[in-house]
Amino acid sequence: MDGIAQFIERSDAVGRAVALALLLMSIAAWTAILWKTRVLRRALRDLERATAAFWDAPTLEDGRRRLQGLDRERVLLPLVEAALAGDGVQTLAARGRVESQRTRRLRDALQRSLAHLQSGQVLLASIGSTSPFVGLFGTVWGIYHALVAIGGDGRFSIDLVAGPVGEALVMTAAGLAVAIPAVLGYNLFGLWIGRCEAALEGFAHDLREMLDDPATPA
């Protein structure tokens with residue numbers, strides 16, 4: 001804590017702004033990581049249970065009711081509601097074959113479900129790619145001020161350089177400490193989202209095929 005206090009005391013407005021930016025990036029990254037971990041784990045768990053419960057239902061309405069209690073992240077239920085929705089009246093959406101209208105509604109609902117699962121990915125990617133450079137900028141700025149101090153003092157010694165330069169290099173480490181969790185989280189969540197996307201696309205395809213069959217009970 002004393003080292004951090006000394007670093008803040010010796011830094012100017014730019015150095016403190018860089019440190020604050022890295023702190024805010026770290027808070028945002030960990031908030032997104034914790035939130036997305038909860039959302040995606042629930043979605044993966046519910047997709048398996050809810051899909052099985054839906055296909056075990058005797059009717060479509062019974063299957064929809066089952067999803068209301070199992071689909072906590074609401075990624076499956078919008079697909080069923082879109083597939084069962086009535087056709088529009090006096091709109092472009094109401095034109096064309098019934099199968100085409102259903103396909104369009106399913107596609108839109110699938111995109112909304114995926115957008116919910118993918119939210120936060122851009123934030124993690126941005127933090128993971130920019131925070132090392134922010135930390136590097138803080139390091140360069142700190143070394144610059146150390147060299148200016150040496151030039152103003154008119155003498156050079158290891159004791160005079162080691163402290164300021166070492167504190168400046170901490171900014172590089174801070175940038176990496178912010179970037180690494182963000183990048184790892186982004187990659188892991190991308191894998192989980194891919195699994196959810198495959199399950200949702202398969203469910204939407206099977207649902208459309210079933211509803212296109214005129215023998216399907218309501």
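Trainee: What should I know about the model and its numbering?
Mentor: This is a predicted model, in which local features need pLDDT of at least 70, side-chain atom pairs count only at pLDDT 80 or more, and totals for chains, interfaces and linings use all residues. Side-chain values use heavy atoms, with hydrogens and water left out, and residues are numbered from 1 along each chain as its sequence is written.

Trainee: How many helices and strands does the protein chain have?
Mentor: Helices (H or I, at least four residues) and strands (E, at least two) are DSSP runs, numbered from the N terminus. From that end, the elements run α-α-α-α-α-α-α. The count is seven helices and zero strands.

Trainee: What share of the residues in the protein chain is buried?
Mentor: Buried means under 20% relative accessible area, exposed means over 50%, and partly exposed lies in between (1.4 Å probe, protein chains only). The chain has 218 residues, and the buried share is 34%.

Trainee: How far apart are the end C-alpha atoms of helix 2?
Mentor: The expected span is 1.5 Å times one less than the number of residues. Helix 2 covers residues 13-55, which is 43 residues, so it should span 63 Å. The end C-alpha atoms agree with that, at 61 Å.

Trainee: Where is the kink in helix 2 centred?
Mentor: The bend at a residue is the angle between axes fitted to the seven residues ending there and the seven starting there. In helix 2 the kink is about 25°.

Trainee: Is Ile 33 buried or exposed?
Mentor: Ile 33 is found in helix 2. Its relative accessibility is 10%, so Ile 33 counts as buried.

Trainee: Which residues is Ile 33 in contact with, leaving aside its neighbours within four places in sequence?
Mentor: Contact means heavy atoms within 4.5 Å. Pro 181 is 148 residues away along the chain, yet its C-alpha atom is 8.4 Å from that of Ile 33. The contacts of Ile 33 are Leu 124, Pro 181, Ala 182 and Phe 189.

Trainee: Which residues make the nonpolar surface patch of about 390 Å²?
Mentor: Patches are made of residues with over 30% relative accessible area and no salt bridge; like charges are joined within 9 Å, nonpolar side chains (Val, Leu, Ile, Met, Phe, Trp, Tyr) within 5 Å. One member, Leu 24, lies in helix 2. The patch is made by Leu 20, Leu 23, Leu 24 and Ile 27.

Trainee: How many salt bridges does the structure hold?
Mentor: Side chains of opposite charge can pair when their charged atoms come close. A salt bridge is a side-chain nitrogen of Lys or Arg within 4 Å of a carboxyl oxygen of Asp or Glu. The total is eight.

Trainee: What is the N to O distance between Glu 61 and Arg 64?
Mentor: Both residues sit in helix 3 (residues 60-70), and because they are three residues apart, about one helical turn separates them. Glu 61 is partly exposed, at 34%. Their salt bridge has an N to O distance of 2.6 Å.

Trainee: What phi does Arg 74 take?
Mentor: Most residues other than glycine have a negative phi. Arg 74 lies in the loop between helix 3 and helix 4 (77-84), and is partly exposed at 44%. Its phi is positive, near 50°.

Trainee: Which residues is Gln 121 in contact with, leaving aside its neighbours within four places in sequence?
Mentor: Gln 121 is found in helix 6 (residues 121-153). At 9% relative accessibility, it counts as buried. Its contacts are Lys 36, Tyr 186, Phe 189, Gly 190 and Ile 193.

Technical notes:
Areas by Shrake-Rupley, 256 points an atom, 1.4 Å probe, with all protein chains shown as cover.
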